[in-house]
Each structure stands twice: as structure tokens, then as C-alpha cells.
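Please look through the sequence and the model shown here before reading on.

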Amino acid sequence: MTLTADERPESDRRTMLTGAIGELQVATALRQTIVIPTFNERDNIETLLRRLVSALPESDTEIVFVDDSTDDTPDVIRRAALTCPIPITVHHRERGTGGLGGAVVEGMRLARGAWIVVLDADLQHPPEIVPDLIAAGLRDGADLVVGTRYTGGGSTGGLTGGYRRLVSGGATLATKVIFRNSLLQVSDPMSGLFAVRASSLEAEQLRPLGYKVLLELVVRNRPGRIVEVPYTFQQRHAGESKSTLAEGVRFLKHLAILRVGAERTRMLAFALIGVSGLVPNQLTLWFLTHVAGVHYLPAAVVANLIAVGWNFALTDTLLYRARRHGSLAGRMTRFFVMGNADLLLRIPLLALLVDGAHVGVLAANLITLLISFTARFLLLDRVLYRTRPNA
Ligand code: GDD
Ligand code: MN
């Protein structure tokens, strides 16, 4: 929900009521929009606004909160807005699409300032740094100014606990390696504190997933000049962090999609799931032949069924959950037909290896799986998805 003109503080109401032309002038005159994503930050709002107000010129600034809270944070902000000299917009989202990243991109779309500054609400990013970010951008003619914890006086001070430091450092290093070229000028690609020149921003291109909006911005928008301003990451003021293990998994997915594209990421995940199917396959075969004394050929068929079931469960829940069509029974049938068709090739081959060449059952099974995997890949790659000349 966005505040209507009447709910705005006096100073803002005047500009809002001057009509379309007046607003256009406001839009070009504003120097900066501070975009602040909030998720249950009610106890940080007052201090945050007080420090922003003393750091920034009120006439040139607006603050846009994009809020996905489940508590009364938006009400706390609205109340504070009534007396805050800087005009404030609260955009509350019921569904919180895209999490933190989605919120930041929505805030960028609402922003009217020449510079858009993204700042956390929990005061881990000192608000006093905002003018420095913009001054650095103007001085160096940059499109993007990144607040960094890693160079010239910057510090991860408030990153408490060895575990968090390790995860944060590891993720930063991996990201720097994977996106070497895009990140030459960025020492802290994980930073949630940055300022971007509005004219260089192409918000429609951004498909943020979770926390790493800056990375998304650098890789997809390819801003011209990037400069960094060091700062010390503070302790969280009140409340608790929202980054979780699930957020970490989202981050890995985000890295893969940004690097190789969404489709190849799915293919990679599909291959990984396929490889993981080797475990139930071999285990079942071992149990049936070595413990239960079943003949290896029917045992291999059963092992394959179990492995295809395993692959189906993972593919259907993890990979294509959002794209399911038809009933569970229908999806399962199609998957099983496809997944067991290779038995036509593998069973005779298995018999040949075990009875003819006296290879052990488990080793022979593995060999046939690898041959089948390669054959299916070649079929896909050379026939089904062959590259056509000049296409
Ligand atoms: N609207 C919205 N929706 N805001 C969110 C959401 C969400 O789903 N999740 C978190 N936020 C807000 C929080 O309220 C806070 O203002 C800010 O985003 C950062 O969230 P924290 O939970 O405090 O994150 P952090 O301290 O673990 O991580 C921060 O610092 C890292 C290192 O600089 C973030 O800025 C990361 O992006 C950054 O990498
Ligand atoms: Mn935080």
C-alpha cells in the first residue's frame, strides 16, 4: 500500500498537490531516493529515520520503504512519516514476491531521485554514509557506488561469529571467481549498501532472487563506471537477521542462473539428480543379489525402477514443482516410460558383461548405466538438439 497524498506530511503534500507538471519538476529536482527494504523492523525505524534526517538535506530527498513485514512495521513507519521532514512512501506487499531482491527492485521502480541508494533498515549500514556515496559517484562520474567492507578502511565489524564470517567470505570469493570480469571493480559483491545513478538503471532487466541484488545489477545492467566507498558493517540495532539456510540455497541457484542461464541450470540440476540415482540403484541391486539372493537380471530391473522413482520424486518436487501439468499418476507414468526405456539396451548389455565377460554384477550395472547415460546424452545433443548450420 502506498500513502495517498493526504496521508503525507505537510512538506510532501504541497509538492504532491501541485499537479502533474509540478510533480514532473519534483521528479527531476530530487537528488536522491533512499530505498529501504523492511521485514519486521519495527524497533529500528525511529533511530533509522532520525539518523537519516540529520545526515541528508530534506528538500532533495525522499525515502521509499518496501515492506514485506508480518508485524506492524508499516504502521510504525506511517506514524513516523507524519512528523518526518523527509517525504516517506511506504509500499507494503502482501506476497513479498522475490524476497529482499524483489523488494529492492520494486523500490527502484518507485524512486524519483537522480540517485537511488539502497540501505538496510537495521542500521548495519550507517546512514551517515549516504552523502559520501553520492559525492563519490558525482566526483568520479560513476554509475554505481558500492559500500564495501573489504577495502581501504572498510570492515566486517558487525558480522558476528566465525561461521557467518566464513560463509560470507567464501561466498564472496566464489562469486568473485565466477564473475571475474564483471566484478573487477567490485571488492564486495555481496554488499546490500550501494547507490546507483537512476539514468543508468534498467530495472526491467533485473530478475532478483533473494538477497544479492547488487550482483544482479552489476551482471545484468553492466553499469559504466563503478567506484567503492569503504564502511564498517555495524552490529544490528534491534530485531534479528532474516538470512537463513534457505537463503543460502537460493543464493547458489541465483549464481548458477546468472552464470549459465536458467535453462542450463535446470539441465545441470537434472544431471545431478540423475547421478544421485546411482546410489539407490546400486544399493538395491546389491541388496537383492547379495542379501536376498535374487537373480541379477530381475534385480537390475527392480533397481532401475527404484532409481527412476527416486529421480521422479526429486525432479517433480525440486526441479519442476512450478511447472507441473496433469495428475501425479500421469506425470509419473510418462516419467517411468522414459526412465525405463533404456532397460531395453541395458539388460542385454548387462547379461553380456556378467555372463559373457564375467564382470561383477555391481560393476557391470555401473558400466551399463554410464553407457546408457552417454548414449542418451549423445542422442539429445547430436539428434534432438543438434546445431544447425548458421542457426
Ligand atoms: N521487503 C523485504 N522483504 N525486506 C527484507 C526481506 C524481505 O523478504 N528480507 C530481509 N529484508 C530486509 C531487512 O528488514 C533488512 O532491512 C535488510 O533487508 C537486510 O536483512 P537482514 O536480515 O538484516 O540481512 P543480513 O544482515 O543478514 O544481510 C545484509 O547484509 C549483507 C552483507 O552486506 C543484507 O544487506 C545483504 O544483502 C548483504 O549481503
Ligand atoms: Mn542485517
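## The chain as a whole

Of the 391 residues of the chain, 44% count as buried, where buried means under 20% relative accessible area, exposed means over 50% and partly exposed lies in between, with a 1.4 Å probe and protein chains only. This is a predicted model, in which local features need pLDDT of at least 70 and side-chain atom pairs count only at pLDDT 80 or more, while totals for chains, interfaces and linings use all residues. Residues are numbered from 1 along each chain as its sequence is written, chains are lettered from A and ligands numbered from 1 in the order in which they are written, and side-chain values use heavy atoms, with hydrogens and water left out.

The chain exposes about 20400 Å², of which carbon and sulfur atoms supply 62%; accessible areas come from the Shrake-Rupley method with a 1.4 Å probe, and for residues only the protein chains shown count as cover. Among contacts (heavy atoms within 4.5 Å) between residues at least 6 apart in sequence, 76% join residues at least 24 apart.

## The sheet

The secondary structure comes to 15 helices and seven strands, which are DSSP runs numbered from the N terminus, with at least four residues for helices (H or I) and at least two for strands (E). Seven strands form an open sheet with mixed pairing, in the order E3-E2-E1-E4-E6-E5-E7, and two strands pair if DSSP finds at least two bridges between them. Strand E3 (88-92) and strand E7 (226-230) are the edge strands, each pairing on one side only, and from one strand to the next the twist averages 20 degrees.

Helix H3 (residues 45-55) packs on this sheet, where it touches strand E1 (32-38), strand E2 (61-67) and E3, and its direction makes about 160 degrees with that of E2; axes are lines fitted to C-alpha atoms, for helices over the stretch in contact, and angles run from 0 to 180 degrees between N-to-C directions.

## Pairing and burial of the strands

E1 and E2 run parallel and are joined by seven bridges, and E2 and E3 also pair in the parallel sense, over five bridges, with Val64 opposite Thr89 in E3. By contrast, strand E5 (residues 144-148) and strand E6 (residues 194-197) run antiparallel and are joined by three bridges; Val145 has Ala195 as its bridge partner in E6.

Seven of the seven residues of E1 are buried, so this strand is largely enclosed by the rest of the structure. Gln32, Ile34, Ile36 and Thr38 point one way from E1, while Thr33, Val35 and Pro37 point the other way. In E3, five of the five residues are buried, with Ile88, Val90 and His92 on one side and Thr89 and His91 on the other.

## A closer look at Thr38

Thr38 lies in strand E1 and is buried, with a relative accessible area of 3%. Thr38 stands opposite Asp67 in E2, and the side chains of Thr38 and Asp67 make a polar contact (2.8 Å), meaning a pair of N or O atoms within 3.5 Å; within protein, one must be able to donate a hydrogen and the other to accept it, and residues adjacent in sequence count only if both atoms are side-chain atoms. Not counting residues up to four places away in sequence, Thr38 also touches others, including Ile45, Phe65, Thr73, Ile77 and Ala121.

## The manganese site

The protein donors of the manganese ion (ligand 2) are Asp122 (OD) and Gln124 (OE1), lying 2.0 Å from it, and both Asp122 and Gln124 are buried. Donors are N, O and S atoms within 2.8 Å of the metal (3.2 Å for Na, K and Ca), and water is not among the atoms, so sites may look incomplete.
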